[in-house]
Amino acid sequence: RTSSTAAAAEVPTPSGGRGHRDEDDEEEERELQRRRKSQPVPSTLAELKNHEEYVIAPKHLAAGEVIDPKHLGDIVKMVKGHRVYRREHVRRCQTSTQWRKALRVVREEEKDRPAATLKRKDNELKLFGEWQTTEMVIPPVVDGEIPVNEYGSVEVWDSDARFLPRGTALVHDKLARDVAKKLNVRCAPALTGFETKNGRRVPVMSGVVVLEGDKRMLEEACAAVHAEKLRAATDKRERAAVGRWEKLARGLLIRAKLRDEYGERAAVGRW
């Protein structure tokens with residue numbers, strides 16, 4: 001009979017098997033990359049179009065793509081007057097807002113020097129490369145004051161807590177701003193994104209940013225207001241239902257009276 005120790009030795013552990021597979025996959029990928037890089041550079045524009053390893057710039061670059069400035073001199077070949085680069089040196093540029101969503105900001109001296117532009121019907125979008133940006137520094141709360149942007153709001157893109165100033169919290173409730181005002185709680189509207197309305201991009205304000213110590217109180221107050229609104233709406237529906245039943249009952253009584261006094265034909269009609 002096979003011992004348990006021997007049996008265990010014959011069966012690879014899940015983690016060990018996974019590790020070997022990962023190493024094999026990585027080695028296979030490295031080999032594929034070596035083969036791709038060892039391929040000769042195509043000599044025609046048709047062969048270079050959509051090539052996985054090489055690209056003609058700027059002719060075959062997609063909108064918003066540029067060659068990394070550090071590699072502009074790394075031309076691998078000239079084909080009919082066009083510069084050929086390695087595709088790994090292509091960089092995708094983004095708007096300043098898209099970079100902010102990635103917790104990066106365009107440096108002040110780069111704002112008037114976009115790496116690329118996209119023409120729109122009414123304007124031109126400026127696009128920037130990562131090398132033109134720096135990590136976003138989110139200011140903390142100072143003396144109880146919530147730091148806001150030039151429009152008086154706090155950018156919390158997609159409600160991501162990483163954008164919150166240290167010492168604050170997001171209360172994601174449509175009543176939060178009004179309730180906070182009534183409670184005299186310091187808050188700032190939360191800018192969580194943009195949406196298109198009537199062909200225009202408009203900001204989406206969703207909830208408020210408050211001091212961490214005020215979050216629970218404000219959430220409980222909002223919940224209480226929602227409960228009161230629900231109770232009032234329920235009472236209104238119940239009163240309306242009672243009113244309809246009373247009207248129906250009055251109609252039935254009148255109809256019965258008419259039938260008793262004048263017969264069935266007199267009771268037929270509006271009742």
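Modeller: The structure holds 15 salt bridges, a salt bridge being a side-chain nitrogen of Lys or Arg within 4 Å of a carboxyl oxygen of Asp or Glu. This is a predicted model, in which local features need pLDDT of at least 70 and side-chain atom pairs count only at pLDDT 80 or more, while totals for chains, interfaces and linings use all residues. Residues are numbered from 1 along each chain as its sequence is written, and side-chain values use heavy atoms, with hydrogens and water left out.

Some background comes first. Of its 271 residues, 27% are buried (buried is under 20% relative accessible area, exposed is over 50%, and partly exposed is in between, with a 1.4 Å probe and protein chains only). Among contacts with a separation of 6 or more, 59% are between residues 24 or more positions apart (a contact means heavy atoms within 4.5 Å).

One of the salt bridges joins E65 and R92, whose closest N and O atoms are 3.2 Å apart. This pair links distant parts of the chain, since E65 belongs to strand β2 (residues 65-67) and R92 to strand β5 (residues 90-92), 27 residues apart.

Now to E110, which is found in the loop between β6 (104-106) and β7 (116-119). Is E110 buried or exposed? E110 is buried, because its relative accessible area is 11%. Leaving out residues up to four places away in sequence, E110 touches F128 and Q132. Its side chain meets that of R107 in a salt bridge of 3.3 Å, N to O. R107 is partly exposed, because its relative accessible area is 26%. The side chain of E110 also meets that of R113 in a salt bridge, here 3.4 Å from N to O. R113 counts as partly exposed, because its relative accessibility is 48%. Salt bridges that share partners join R107, E109, E110 and R113 into one network.

Next come the charges without such a partner. D173 has its place in the loop between β11 (168-171) and α5 (176-183). D173 is buried yet has no salt bridge, and the nearest side chain of opposite charge, K174, is 7.3 Å away (Lys and Arg count as positive, Asp and Glu as negative, and His and the chain ends are not counted; a charge is placed at NZ of Lys, CZ of Arg, CG of Asp or CD of Glu). Apart from neighbours within four places in sequence, D173 is in contact with G207, C222 and H226.

On the surface, D22, E23, D24, D25, E26 and E28 gather in a patch of negative charge (patch residues have over 30% relative accessible area and no salt bridge; like charges are joined within 9 Å, and nonpolar side chains, namely Val, Leu, Ile, Met, Phe, Trp and Tyr, within 5 Å). E28 lies in helix α2 (residues 14-38) and counts as partly exposed, because its relative accessibility is 49%. The protein exposes about 19,500 Å², of which carbon and sulfur atoms supply 50% (by the Shrake-Rupley method with a 1.4 Å probe; for residues, only the protein chains shown count as cover).

Notes
Helices (H or I, at least four residues) and strands (E, at least two) are DSSP runs, numbered from the N terminus.
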